[in-house]
Amino acid sequence: FVIIQLSDEALIAKKIRNRNAKIILRSYFNPNINSSKTYTIPLGYQSGFQEKDFAISQDRKYIWSFFGQIYSARNFMLESLNNLQPNFVNQNKSFMSEDIINPEEIKKVYRNTIFAPCPAGYMNPDTFRIMEVLESGCIPVVKSFNSIDYFKYVYGDHPFIVLKDWSEAFEIIKGYIEDKELLISKQNEVMLWYKSYKNKLRLDIKNLINADKTLPESIQFKYQRS
């Protein structure tokens, strides 16, 4: 059998020790787990975000958009980006609170958005937002975690824009907006990479579940081991 371990955002769950499990798939990368049968996979996205049509228009209304709670570091993030207009910001009280907008409405905005700032979650750098914006054809903008690109351990050699600090966001995004050719190239890079990423991940998990001896193609699994 296969174990899928979810929701260990704070990395406090006890290590799963089960000699009979083929593999253990877990969300949230934990560098303290060195089991050869444990693989970290992305959180995924809310129901309603999966997009079958990737022929997404590159002419979009909003330079950037953000949906979610606004607290502490996120205030500074929004202040750093505020002068990039037009943008769309929607604040909700808490994760999955009653005032949250439904996925279909969020996706409509994202599909009209070029960049999507993806700040860390409450206790971990990873969030559902990453794959939600990727499904919508946005370019994720993330911040390094303790000077480390956390997302390479979940997404491998990704094309996200990785910042040392949110204060860098304005000039970097402005540079893309002012260079149409550079922007289109980045949008295509993200779209093509994401297709490939999901296909490789799907095949790797299938092979792992079936105990196929083929080595996983997804580079993030090699980074996790190292």
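Throughout these legends, a residue is called buried under 20% relative accessible area, exposed over 50%, and partly exposed in between, with a 1.4 Å probe and protein chains only. The model shown is predicted, so that local features need pLDDT of at least 70 and side-chain atom pairs count only at pLDDT 80 or more, while totals for chains, interfaces and linings use all residues. Residues are numbered from 1 along each chain as its sequence is written, and side-chain values use heavy atoms, with hydrogens and water left out.

View 1. With a disulfide taken as a pair of cysteine sulfur atoms within 2.5 Å, the structure holds zero disulfides.

**View 2. Helix α6, residues 180-209, and the residue Ala 211 that follows it.** Helices are DSSP runs of H or I with at least four residues and strands are runs of E with at least two, both numbered from the N terminus. The expected span of a helix is 1.5 Å times one less than its number of residues; for the 30 residues of α6 this gives 44 Å, in agreement with the 44 Å between its end C-alpha atoms. Ala 211, which follows α6, has a positive phi, near 60 degrees. Within α6 lies Leu 201, which counts as buried at 10% relative accessibility. Leu 201 and Ile 41 are 160 residues apart in sequence, yet their C-alpha atoms are 8.5 Å apart in space.

**View 3. The largest nonpolar core, with 51 residues.** A nonpolar core is a set of buried Ala, Val, Leu, Ile, Met, Phe, Trp, Tyr and Cys residues joined through side-chain atoms within 4.5 Å. The members that touch the most others are Trp 64, Phe 115, Ile 130, Leu 134, Tyr 155 and Phe 160. Helix α6 gives the largest share of this core, eight residues.

**View 4. The lining of the second largest cavity, which includes Arg 26, Phe 29 and Gln 224.** Also among the lining residues are Asn 30, Ile 33, Ser 35, Thr 38, Thr 40 and Arg 225. Two or more of the lining residues come from each of β3 (38-40) and α7 (219-225).

Note on methods
On a 1 Å grid over the protein atoms alone, a cavity is a set of points where a 1.4 Å probe fits but cannot get out, and a pocket is an open set with protein on both sides within 12 Å along at least five of seven lines; lining residues have an atom within 4 Å of a point.
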